[in-house]
Amino acid sequence: MISDTDSMEITNYAIVIWISAVLIISFDVVVIIGSKNLSSRVFCLLSFITSIWVISQGFLVSTTVAETADIILRIQYILGIIIAICFYYFSIIYPHELKPSKKSYRISAIIILIYVYLYLFTNDLIIGVHEI
């Protein structure tokens, strides 16, 4: 239950989420050590950002403070945009090791900046959190 006094309630569910994130990061380390391909490195970046998102999910499940849950949720949405953009780059690069254009990087940076602004500094996309 989200309240204003307690800070966290670590449950088995949160622990399983965090263990999953550690396994994803371990997989990333193995792939980075074993492969020098551009597609492998972009995949590891995608996977690493996904693991950060998973870690934040564990914190969201564990928090009992509404303000903290609101901040974590906003961060999760930003990470979701970054994951989508990383997946876009991975789909361009794999399997032929093609490099994305510089215009593509600029457009992606603009998209990320717009959503960071909308998620962190406005209530246009997220008004608040409510336990369901």
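Is Tyr-117 buried, partly exposed or exposed? At 47% relative accessibility, Tyr-117 counts as partly exposed, where buried means under 20% relative accessible area, exposed over 50% and partly exposed in between, with a 1.4 Å probe and protein chains only.

The model is predicted, so local features need pLDDT of at least 70 and side-chain atom pairs pLDDT 80 or more, whereas totals for chains, interfaces and linings use all residues. Residues are numbered from 1 along each chain as its sequence is written, and side-chain values use heavy atoms, without hydrogens and water.

**Aromatic pairs**

The whole structure holds nine aromatic pairs. In one of them, the ring centres of Tyr-117 and Phe-121 lie 6.1 Å apart with planes at 35°, so this pair is tilted; rings of Phe, Tyr and Trp (its six-membered ring) pair if their centres lie within 6.5 Å, and planes under 30 degrees apart count as stacked, over 60 as edge-to-face and the rest as tilted. Both residues belong to helix α4 (residues 102–121), four residues apart, or about one helical turn; helices are DSSP runs (H or I, at least four residues), numbered from the N terminus.

| Residue | Relative accessibility | Class |
|---|---|---|
| Tyr-117 | 47% | partly exposed |
| Phe-121 | 61% | exposed |

Elsewhere, Phe-27, Phe-43, Phe-90 and Tyr-94 form one aromatic cluster.

**Lining of a pocket**

The lining of the second largest pocket has 12 nonpolar, one polar and no charged residues. Nonpolar covers Ala, Val, Leu, Ile, Met, Phe, Trp, Tyr, Cys and Pro; charged covers Asp, Glu, Lys and Arg; the others, Gly among them, are polar. A pocket is an open set of points on a 1 Å grid where a 1.4 Å probe fits, with protein on both sides within 12 Å along at least five of seven lines, and lining residues have an atom within 4 Å of a point. Helix α3 (66–93) gives the largest share of this lining, five residues.

Conventions
Helix = DSSP H or I, 4+ residues; strand = E, 2+ residues; numbered from the N terminus.
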